[in-house]
Amino acid sequence: MTPLAQTPAGHAKRLDTDYYVEGYATIFNKPYILWEYDGVKYYETIDRNALDGADFSDVIMQYDHSGKVLARKSNNTLGIDIDDKGLFIYADLSKSRAAKDLHEEINAGLITKMSWAFTILEDSYNKDTRTRTITKIKKVYDVSAVSLPANGDTSIAARTFVDGVIKQEERESLVQRQKLLKLKLLLEVNRK
């Protein structure tokens, strides 16, 4: 079994299933090569606020943006969070044979990256850096585990229920220890 990705702070495992996966379908404010033509590289980046107000109704999860639906927001097998890093997704891949097969491939480390399909409402282009910045997304259609991502900084990993519980308890314990240390420090300062 390959090492599993750590759940980012604030993202407790949200689905109780043995076929749980999570990852980032996109990362904010980090340019990636969109295409290269005649040795000239053209970049794209997603602005941190591009998803504000975007339509996330009934987003689906697929493999390579095609084929069968493997998880779906409307039946609660797909969840989406927007954080400071990017578009975080989590999914239950237990509802079909194809979904279970994808979970197995992710767990084996064969599939490690993600992508997403969306329509753009607003963007800008910097000619000097050859960078397109997407500033406003209209609708998100799918998030996909992919074999070859446009953005290499994306990720997807399989996790077990115990991994999620342990990480959540570790975070809670750390917060409690920080509160106690602050209280001890305050008491010590007041004694002096």
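Trainee: Read along the sequence, which pattern does the protein chain follow?

Mentor: This is a predicted model, in which local features need pLDDT of at least 70 and side-chain atom pairs count only at pLDDT 80 or more, while totals for chains, interfaces and linings use all residues. Residues are numbered from 1 along each chain as its sequence is written, and side-chain values use heavy atoms, with hydrogens and water left out. The secondary structure comes to 2 helices and 10 strands, where helices (H or I, at least four residues) and strands (E, at least two) are DSSP runs numbered from the N terminus. Read along the sequence, the pattern is β-β-β-β-β-β-β-α-β-β-β-α.

Trainee: How do the buried residues of helix 1 lie when seen down its axis?

Mentor: In helix 1, residues 97-107, the buried residues are Ala99, Leu102, His103 and Ile106; buried means under 20% relative accessible area, exposed over 50%, and partly exposed in between (1.4 Å probe, protein chains only). Seen down the axis, these buried residues line one face of the helix, because they fall within an arc, taken from the directions from the helix axis to the C-beta atoms, of 105°.

Trainee: Which exposed residues does the face of helix 1 turned away from its buried side carry?

Mentor: An α-helix has 3.6 residues a turn, so residues three or four places apart point the same way. On helix 1, the face turned away from the buried side carries the exposed residues Arg97 and Glu104.

Trainee: Which side chain makes a polar contact with the side chain of aspartate 83?

Mentor: Aspartate 83 is found in the loop between strand 6 (78-82) and strand 7 (86-92), and a polar atom of its side chain lies 2.9 Å from the backbone nitrogen of glycine 86. A polar contact is a pair of N or O atoms within 3.5 Å; within protein, one must be able to donate a hydrogen and the other to accept it, and residues adjacent in sequence count only if both atoms are side-chain atoms. At 2.5 Å, the side chain in polar contact with that of aspartate 83 belongs to tyrosine 24.

Trainee: Is leucine 183 buried or partly exposed, and at what relative accessibility?

Mentor: The place of leucine 183 is in helix 2, residues 161-191. Leucine 183 counts as partly exposed, because its relative accessibility is 45%.

Trainee: What distance separates the C-alpha atoms of alanine 117 and serine 144?

Mentor: Alanine 117 lies in strand 8, residues 113-126, and is partly exposed, with a relative accessible area of 23%. Although alanine 117 and serine 144 are 27 residues apart along the chain, their C-alpha atoms are separated by 8.2 Å.
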